[in-house]
Amino acid sequence: MYDFLIGSDFVWTCDKCVEDKKSLISNPLQQNHSYYFYLAYYDSSIKCKKCRKEFTFTKEEKKFWYEGLKFRKESVPVHCLSCRKQIRKEKLQNKRLSEILKKDSKDMTIEELYELVQIYDEWKINDKFNLYNKILKAKKK
């Protein structure tokens with residue numbers, strides 16, 4: 001069995017690394033795999049595609065990634081946690097903008113107009129910010 005593991009693509013660990021908490025034993029039955037799977041997880045360093053900073057993909061995150069979310073072994077994060085949060089936030093804001101902008105501006109509520117103003121201000125889109133801020137102020141009167 002040892003020879004099989006040494007010459008393979010399996011990621012495994014020794015007892016000492018587990019004891020020293022350098023690695024985390026995996027549960028291959030919980031992983032989404034066809035043939036190769038993780039026997040253990042280690043921290044690894046990755047460069048974020050967006051901000052270009054190095055970040056650590058921790059062994060605990062890997063366990064959640066591959067066993068909880070069932071991502072395939074080939075799947076790795078390309079963005080750091082901070083950039084992933086920012087990307088998710090922008091997607092939610094974009095979705096919300098789409099929902100609100102389906103309406104005519106006269107049918108938008110004060111709360112919806114306020115959301116538009118906030119998003120456009122955060123995104124630094126001044127012409128849209130000014131437009132919806134003007135509509136908001138007029139609607140408040």
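Figure 1. His-79 has its place in the loop that runs between helices H3 and H4. The model shown here and in the other views is predicted. Setting aside residues within four places in sequence, His-79 is in contact with Cys-48, Lys-49, Lys-50, Phe-55, Arg-84 and Ile-87. Arg-52 is 27 residues away from His-79 along the chain, and the C-alpha atoms of the two are separated by 8.7 Å.

**Figure 2. Arg-52 in the loop between two strands.** Arg-52 belongs to the loop between strand S3 (44-47) and strand S4 (54-57). Its phi is near 70°, a positive value in a residue other than glycine. Most residues other than glycine have a negative phi. Arg-52 counts as exposed because its relative accessibility is 52%, and the cut-off for exposed is over 50%.

**Figure 3. Lys-21, another residue with positive phi.** The loop between helix H2 (15-19) and strand S1 (23-25) holds Lys-21. For Lys-21, phi is near 60°, which is positive although the residue is not glycine. With a relative accessibility of 64%, Lys-21 counts as exposed.

**Figure 4. Glu-67, a buried residue of helix H3.** Helix H3 covers residues 59-68 and contains Glu-67. Is Glu-67 buried or exposed? Its relative accessibility is 9%, so Glu-67 counts as buried, the cut-off for buried being under 20%. Apart from neighbours within four places in sequence, the residues in contact with Glu-67 are Ser-26, Asn-27, Gln-30, Gln-31, Tyr-41 and Lys-62.

**Figure 5. The largest nonpolar core.** This core has 11 residues: Leu-97, Ile-100, Met-108, Leu-113, Leu-116, Val-117, Ile-119, Tyr-120, Phe-129, Tyr-132 and Leu-136. At least two of its residues come from each of three helices, namely H4 (81-101), H5 (110-122) and H6 (126-140). Helix H5 gives the most to this core, with 5 residues. A second, separate core is made up of 10 residues, including Tyr-41, Phe-55, Tyr-66 and Cys-83. In soluble globular proteins, nonpolar side chains tend to be buried together.

**Figure 6. Contacts of Ile-100.** Ile-100 is one of the residues of the largest nonpolar core. Which residues does Ile-100 touch, not counting those up to four places away in sequence? They are Met-108, Glu-112, Glu-115 and Leu-116. Among these, Met-108 and Leu-116 are also members of the largest nonpolar core.

**Figure 7. Arg-96 in helix H4.** Arg-96 is a residue of helix H4. Arg-96 counts as partly exposed because its relative accessibility is 24%. From Arg-96 to Ser-23 the distance is 41 Å, C-alpha to C-alpha, and the two are 73 residues apart in sequence.

**Figure 8. Glu-90 in helix H4.** Helix H4 also contains Glu-90. At a relative accessibility of 30%, Glu-90 counts as partly exposed. Beyond its neighbours within four places in sequence, Glu-90 is in contact with Lys-50 and Trp-123. Lys-50 is also one of the residues in contact with His-79. Tyr-38 is 52 residues from Glu-90 along the chain, with 33 Å between their C-alpha atoms.

**Figure 9. The chain as a whole, for placing the close-up views.** The chain has 6 helices and 4 strands, and their pattern along the sequence is α-α-β-β-β-β-α-α-α-α. The C-alpha trace spans about 75 × 30 × 20 Å along its principal axes. The radius of gyration of the chain is 24 Å, whereas a compact globule of 141 residues would have one near 14 Å. Of the 141 residues, 28% are buried. Among contacts between residues at least 6 apart in sequence, 48% join residues at least 24 apart. The accessible surface comes to about 10000 Å², and carbon and sulfur atoms account for 56% of this surface. There are 31 positive and 21 negative side chains, with the centres of the two sets 6 Å apart.

Technical notes
Residues are numbered from 1 along each chain as its sequence is written. This is a predicted model: local features need pLDDT of at least 70, side-chain atom pairs count only at pLDDT 80 or more; totals for chains, interfaces and linings use all residues. Side-chain values use heavy atoms; hydrogens and water are left out. Buried means under 20% relative accessible area, exposed over 50%, partly exposed in between (1.4 Å probe, protein chains only). Contact means heavy atoms within 4.5 Å. A nonpolar core is a set of buried Ala, Val, Leu, Ile, Met, Phe, Trp, Tyr and Cys residues joined through side-chain atoms within 4.5 Å. The radius of gyration is taken over C-alpha atoms; the globule rule is 2.2 Å times the number of residues to the power 0.38. Accessible areas come from the Shrake-Rupley method with a 1.4 Å probe; for residues, only the protein chains shown count as cover. Lys and Arg count as positive and Asp and Glu as negative; His and the chain ends are not counted. The place of a charge is taken as NZ of Lys, CZ of Arg, CG of Asp or CD of Glu.
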